[in-house]
Structures are given as C-alpha cells and as structure tokens.
Amino acid sequence: MGEESLKQLQGQVRGEVILPADRTYDEARRVYNAMIDKRPAAVVRCAGVADVIAAVKAAGAAGLSVAVRGGGHSVPGFGTADGAVVVDMGRMRGIRVDPAAKLVRAEGGCTWGDFNHATHAFGLATTGGIISTTGIAGLTLGGGIGYLTRGHGLSLDNLRSADVVLADGSFVTASEKDHADLFWALRGGGGNFGVVTSFQYRLHPVDTIVGGPMFFEVDDAPDVMRAYDRYITDAPRQLGAFFAWQIAPPLPFIPEDRHGDTFCVLVACWAGPAAEAKKAIAPLRDAAPVVAEAVGPMPYPALNAAFDALVPPGLQHYWKAVFAKDLNDKAIEAHLKHGPKVPAVNSTMHIYPINGAVHDVPADSTAFGNRGAKYAAVIAGMWPDPAQNPANIKWVKDYYAALAPHAEKGGYVNFAAADDQNRVGASYGKSYDRLRTIKGKYDPGNVFRHNQNITPAS
Ligand SMILES: Cc1cc2nc3c(=O)[nH]c(=O)nc-3n(C[C@H](O)[C@H](O)[C@H](O)COP(=O)(O)OP(=O)(O)OC[C@H]3O[C@@H](n4cnc5c(N)ncnc54)[C@H](O)[C@@H]3O)c2cc1C
C-alpha cells in the first residue's frame with residue numbers, strides 16, 4: 001500500500017491503523033483459527049462507520065482488496081488475507097434494543113454473546129449460533145443456524161435491514177424497500193457485497209429455556225440417530241436439537257471413569273412453556289439409555305455459551321459442510337464408520353435441523369442456498385497441536401468423502417473449508433446466477449473476495 005495513502009488513512013480514522021512494522025501487528029493479524037498465518041498490508045480497527053468508509057476508500061485508492069473481520073471465526077480465515085486491508089469491526093459492538101417494537105440494531109463487530117446479553121435483559125432473542133464468541137456478522141450473512149432455527153428461521157430470516165459500506169466507499173441501507181436486490185443477496189451471500197456496519201433484527205420472546213446435552217453409548221448411535229431423525233421432522237417448533245459425536249470432557253455430570261470415552265450426544269433446547277419441557281424432550285431422551293445428562297432450565301444466553309470452553313481461540317481448524325434432505329441408511333452407515341473415530345475432545349460432527357420455520361420461507365426470497373434440505377451437517381476438526389494436523393485433517397476428509405455421496409452436492413457456506421471454492425455454485429444452487437449478477441452490480445472488481453467467493457458477472 002502506498003506510503004501516502006497510509007499516512008492519510010492514519011489521519012482519517014478515530015480507530016487504529018496497524019502496519020507490518022508496528023509492535024501490535026502480529027496480534028492484530030491473528031484470527032480465531034491458529035492455522036491461518038496471513039500478512040495483510042494493514043489492519044484497520046474501525047471505531048465507527050466513518051472509519052470503515054475511509055478504510056475501504058484507501059484500499060480502493062491503493063488497488064488492494066478488503067478482508068472484513070467481524071467475530072473472526074471464519075474457519076478458512078477470511079477475516080484476514082495476504083496484502084489486503086483488513087477492516088476489523090471488533091470495536092463496533094453497540095446494540096440498541098427496542099423492546100416495544102421487538103427490534104434490535106446491532107453493530108457489525110458484535111458477537112452472539114454481546115447480542116444475547118443485550119436482548120435477554122428484555123426477555124427477547126433471535127436465532128443465533130451455539131457459541132457465544134462467534135460474530136453476528138459472518139454468521140448472519142451466510143445463514144445463521146442455532147437452537148431457535150426451527151421456531152424462528154435462520155438468523156438472516158430475522159433481518160429487517162442492514163447498513164452497508166460498498167466497494168466504492170459509498171453507504172446504503174438495504175431492506176425489502178431500498179436496494180432490495182442487495183438485501184436479497186446479503187441474506188446468504190456472505191461477505192461478498194460490502195461491509196455491514198449494522199444489522200436490524202426482529203426479536204422474539206425467549207427467556208429461560210430448558211436444555212443441555214444427553215450422552216449415549218456409541219453402540220446405541222443407530223437408534224439415537226433414527227429417533228432424532230424421526231422426531232425432529234414434526235417436533236414442536238419450540239424445540240431445537242442437534243446430534244453430535246463427542247469425547248467426554250472431564251465435567252462433573254459425566255461419570256469420572258467415562259472421561260475421555262467417545263459418545264454420541266443429543267443437545268436439546270426447549271424454548272416453549274417450562275411445564276411442557278419434559279414431554280417435549282422425552283422422545284430424544286428415550287432414544288436409548290442415557291449415560292449422562294445436563295438438561296435443565298437456564299437463561300437462553302447460558303446455553304449459547306455452554307460449549308465455549310471446548311472451542312477456545314487458538315485451536316487448529318479444518319471443517320467440511322454438507323446439506324442433506326434426509327438421514328438415510330447409507331448416510332447413517334457413513335456416520336457410524338467415521339464419527340466414533342473423532343480424534344480430539346474439541347472435534348465433533350453436528351447434524352443441525354433446518355426445517356420448521358426455515359421451510360416456511362419461499363426458497364427464492366433470500367439468497368440462502370438450500371431451503372429444501374432438512375439438515376446442515378458439519379464435520380468440524382478442531383485440535384490444539386499443529387503436529388496433529390495431518391491426522392485430524394484426514395479424519396475430516398475421510399468422513400466427508402464417505403458422507404458426500406449420500407447428501408446434497410453443496411453445503412452451508414459458513415461451515416465450508418478454504419478448499420471448497422469449487423463448491424460455491426453448488427452450495428448456492430438456484431440462487432447462484434442471481435448472486436453473480438448482483439455481485440457484478442455492487443462489487444464488479446471483487447474487492448470483497450476473501451469469502452466463499454461469488455465471481456461477479458460482467
Ligand atoms: C466455534 C464456532 C462455532 C460456530 N457455530 C455456528 C453456529 O452455531 N451456527 C452457524 O450458523 N454457524 C456457526 N459457525 C460458523 C460461522 O457462522 C462462520 O464461521 C462465520 O463466518 C463466523 O462469522 P464471524 O463474523 O465470526 O467471522 P469472520 O471471520 O469475521 O467473518 C466471516 C466472513 O464474513 C465476512 N464478514 C464478517 N463481518 C462482516 C461484516 N461486518 N460485513 C460484511 N462481511 C463481514 C468476512 O469477510 C468473512 O468472509 C461457527 C464457527 C465457529 C468457529
């Protein structure tokens with residue numbers, strides 16, 4: 001980046017411009033996945049929308065790409081890039097709840113922990129992710145799957161409007177009424193279209209929930225998977241649940257002599273009336289004998305932070321994603337072959353339901369890739385020691401190779417790997433051509449290319 005534009009940028013922002021020679025550069029270029037080691041031209045820690053505009057314009061003047069960082073959780077490390085200007089939103093975490101209208105405006109650097117904390121004070125929530133440190137921005141722009149999905153749709157289904165700084169540094173508010181094409185594309189198209197400086201979401205009454213994990217023996221996994229699949233098809237929509245493989249961490253509710261053993265797990269979240277919780281969760285609990293469980297009433301944000309300790313920043317990550325229309329016998333066979341070999345306590349495979357309210361929304365009303373799917377699954381390799389990279393990556397790849405023939409071609413873009421760029425078209429399905437056209441209109445030079453990239457139509 002030219003010395004001159006950098007000097008100017010430093011003088012134009014209220015946040016910080018961090019350059020390779022700066023003492024804090026190594027810390028500033030780091031993202032959540034420790035496997036990512038990129039050297040951007042500058043990291044701009046933006047203090048407000050004006051800083052974002054200045055940073056995007058400076059990048060444009062210097063002919064550089066922009067890597068946008070919200071929560072920094074992108075497994076492929078899209079919140080940084082060699083030679084790019086990183087627009088780091090981490091200081092922009094303002095939130096204003098309007099409890100009467102059941103709306104919230106949240107800045108683009110918020111995490112779900114920030115968001116849930118703010119809305120829970122009013123007994124309100126919207127669909128977000130299951131880990132509190134994930135950014136609302138990346139998660140919402142790609143989809144947004146969590147405990148409330150079956151009742152309230154994807155995170156992006158709850159979006160009312162978004163403030164966006166475009167590739168040329170101009171600012172627009174996108175909604176159903178204004179820049180409707182952009183608003184359609186933002187709801188699924190990831191970070192391809194600009195820097196979202198704030199989001200406005202609809203909120204729902206969600207306060208204390210009844211939820212937590214139930215651990216079952218691996219030998220019972222076929223019964224557990226089938227019971228989960230049967231029940232989640234038509235279960236009450238206030239029930240969120242997912243299937244997982246998990247090595248037992250040393251937690252007090254798990255018998256001590258079973259710590260370190262591998263289990264299959266169902267995690268439930270009942271957001272309906274407390275008196276109905278037992279009945280609503282029973283078909284999951286009765287899937288097989290439960291070895292250990294920690295299901296109980298808790299504030300909704302507590303369940304959304306319950307697994308944070310398993311995924312601290314600084315692990316190595318390699319993930320693969322699949323959409324599936326069902327959990328057929330061949331898929332179950334693949335899961336049973338590879339799931340029990342999960343190699344690290346941090347690693348897992350989750351099967352999330354994306355039915356219920358997600359299927360109420362017409363497929364072409366947002367850019368989200370596959371509303372016909374019943375499940376979004378992720379094979380999430382996460383481990384602390386770089387020396388174990390080959391073994392852990394191999395587990396993810398082998399598992400994916402076995403599962404892929406029995407699932408859809410594409411996967412949820414937020415769970416996809418850096419080497420999944422060739423699957424972007426399949427992941428977006430029928431939305432892809434329209435996304436390319438809108439990308440061509442709003443970002444013809446592909447300034448925002450550090451993402452599951454949608455190539456601009458010319
Ligand atoms: C531990 C963990 C748990 C997860 N759990 C869930 C889950 O429960 N449900 C789920 O759906 N997904 C989940 N994910 C996946 C998650 O949705 C993606 O990793 C998502 O991209 C993270 O968003 P971020 O803002 O934290 O990441 P970042 O790395 O900051 O950004 C991700 C992408 O979004 C773009 N972006 C970020 N901020 C902005 C912005 N303000 N404007 C425009 N573009 C922006 C970036 O350029 C990048 O392409 C999880 C990921 C991890 C690592």
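1. Leaving aside its neighbours within four places in sequence, which residues is K57 in contact with? The answer is D168 and G169, where contact means heavy atoms within 4.5 Å. K57 itself has its place in helix 3 (residues 49-62); helices here are DSSP runs of H or I with at least four residues, strands are runs of E with at least two, and both are numbered from the N terminus. K57 counts as partly exposed because its relative accessibility is 46%. On that scale buried means under 20% relative accessible area, exposed means over 50%, and partly exposed falls in between (1.4 Å probe, protein chains only). As for T133, 76 residues from K57 along the chain, the two C-alpha atoms are separated by 29 Å.

2. A word on what we're looking at. This is a predicted model, with local features needing pLDDT of at least 70 and side-chain atom pairs counting only at pLDDT 80 or more, while totals for chains, interfaces and linings use all residues. Residues are numbered from 1 along each chain as its sequence is written, and side-chain values use heavy atoms, with hydrogens and water left out.

3. Next, have a look at helix 4 (residues 112-120), whose buried residues are W112, F115, N116 and T119. Looking down the axis of helix 4, you'll find these buried residues within an arc of 90°, so they line one face of the helix; the arc is that of the directions from the helix axis to the C-beta atoms. What covers the buried residues of helix 4 includes strand 5 (95-98), strand 6 (103-107) and strand 7 (124-125), along with helix 5 (136-142), strand 10 (195-202) and helix 10 (300-303).

4. On to the salt bridges: the structure holds 23 of them, each being a side-chain nitrogen of Lys or Arg within 4 Å of a carboxyl oxygen of Asp or Glu. Take R105 and D163, whose side chains meet at 3.9 Å, N to O. This pair links distant parts of the chain, with R105 in strand 6 and D163 in strand 8 (residues 159-165), 58 residues apart. R105 is partly exposed at 28% relative accessible area, whereas D163 is buried at 15%.

5. D360 and R237 also form a salt bridge, at 2.6 Å, N to O. D360 lies in helix 12 (residues 357-360) and R237 in the loop between helix 8 (221-234) and strand 13 (239-247), so the pair ties together parts that are 123 residues apart in sequence. R237 is partly exposed, with a relative accessible area of 37%.

6. Within helix 13 (residues 389-403), K394 and D398 sit four residues apart, about one turn of the helix. Their side chains meet in a salt bridge at 2.6 Å, N to O, and D398 counts as partly exposed at 31% relative accessibility. Elsewhere, salt bridges that share partners join E16, E27, R45 and R91 into one network.

7. Finally, two backbone spots to check. H179 is not a glycine, yet it has a positive phi of about 50°. You'll find H179 in the loop between strand 9 (171-175) and helix 7 (180-186), partly exposed with a relative accessible area of 34%. N446 is not a glycine either, and its phi is positive at about 55°. N446 lies in the segment after helix 15 (432-442) and is buried, with a relative accessible area of 13%.
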